[in-house]
Amino acid sequence: MTTSSAGTVVLSLSSATISASTPGTVTALVKNADGAPVANTVVTFEVANATATVTPARVITDANGNASATLQPVAGQIGADYVKASADVSSASALTTRAAFTVSAVNVALGDAAASPASINAYGASVITVAVSGASPSS
């Protein structure tokens, strides 16, 4: 959380650990100096060491002062990192805060394989299907 005379930005994560199969959500709550939510202000999210991406990187706060984005690991990257949120709460004041998170590896298991059709003639084709568990749907 960052507090100044202009207001506060509080950053929260849906989970402190993310993986390819369980990405996270990062939410910034922006309040003015009186503690009231700030609607319609742009929040910019970024990750310090590129272990993950934030999508979208820029979000407009809703009526409750919240702006949320998805925190998705970068393939092949694991370890601790920071996600940062910045918001302009006035023309003279920008607030920035950060939260730590960890990217963990995912255990993937291969299941049974099946061919369709099971037998083919010379120069024929067959589709091989392998059940995979533990991976994200986009893998």
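User: How do strand 5 and strand 9 run, and how many bridges join them?
Analyst: Strand 5 and strand 9 (residues 79-90) run antiparallel and are joined by five bridges. Strands here are DSSP runs of E with at least two residues, and helices are runs of H or I with at least four, numbered from the N terminus. Two strands pair if DSSP finds at least two bridges between them.

User: Before we go on, what sort of model is this?
Analyst: This is a predicted model, in which local features need pLDDT of at least 70 and side-chain atom pairs count only at pLDDT 80 or more, while totals for chains, interfaces and linings use all residues. Residues are numbered from 1 along each chain as its sequence is written, and side-chain values use heavy atoms, with hydrogens and water left out.

User: OK. Which residue is the bridge partner of Val-43 in strand 9?
Analyst: That is Ala-87.

User: What holds strands together in general?
Analyst: Strands of a sheet pair through backbone hydrogen bonds, in a parallel or an antiparallel way.

User: What is the strand order in the open sheet of five strands?
Analyst: The order is 3-10-9-5-7, and the pairing is mixed. Strand 3 (17-18) and strand 7 (58-60) are at the edges with a single partner strand each, so one side of each has no neighbour in the sheet.

User: Where does the parallel part come in?
Analyst: Strand 3 and strand 10 run parallel, joined by two bridges. Thr-17 has Thr-102 as its bridge partner in strand 10.

User: And strand 9 with strand 10, parallel or antiparallel?
Analyst: Antiparallel, over 11 bridges. A hairpin of two residues connects strand 9 to strand 10, and Asp-88 stands opposite Ala-94 in strand 10.

User: Which residues of strand 10 are on the covered face?
Analyst: Strand 10 (residues 93-103) has Ser-93, Leu-95, Thr-97, Ala-99, Phe-101 and Val-103 on the covered face, while Ala-94, Thr-96, Arg-98, Ala-100 and Thr-102 make up the uncovered one. In a regular strand, side chains alternate between the two faces of the sheet.

User: Arg-98 is on that list. What does its charged end sit over?
Analyst: The charged end of Arg-98 sits over the ring of Tyr-82, 3.6 Å from the ring centre. The test asks for NZ of Lys or CZ of Arg within 6 Å of the ring centre and within 35 degrees of the ring normal.

User: How many salt bridges are in the whole structure?
Analyst: One. Glu-46 pairs with Lys-84, and their closest N and O atoms are 3.7 Å apart. The pair links distant parts of the chain, with Glu-46 in strand 5 and Lys-84 in strand 9, 38 residues apart. A salt bridge needs a side-chain nitrogen of Lys or Arg within 4 Å of a carboxyl oxygen of Asp or Glu.

User: Is Glu-46 buried, exposed or partly exposed?
Analyst: Glu-46 is partly exposed, because its relative accessible area is 40%. Lys-84 is also partly exposed, at 31%. Buried means under 20% relative accessible area, exposed means over 50%, and partly exposed is in between (1.4 Å probe, protein chains only).

User: New topic. What does Thr-51 touch?
Analyst: Leaving out residues up to four places away in sequence, Thr-51 touches Pro-73, Val-74, Gln-77, Ile-78, Asp-81, Phe-101 and Val-103. Contact means heavy atoms within 4.5 Å. Thr-51 is in the loop between strand 5 (42-47) and strand 6 (52-55), and it counts as buried because its relative accessibility is 5%.

User: Which peptide bonds are cis?
Analyst: The bond from Thr-55 to Pro-56 is cis, with omega near -10°, and another cis bond joins Ser-116 and Pro-117, with omega about -5°. Pro-56 is in the loop between strand 6 and strand 7. Pro-117 is in the loop between strand 11 (109-116) and strand 12 (127-133).

User: Last one. How many helices and strands does the chain come to?
Analyst: Zero helices and 12 strands. The radius of gyration is 21 Å, well over the 14 Å that the globule rule gives for 139 residues, so the chain is more spread out than a compact globule. That radius is taken over C-alpha atoms, and the rule is 2.2 Å times the number of residues to the power 0.38. Along the principal axes, the C-alpha atoms fill a box of roughly 75 × 25 × 20 Å.
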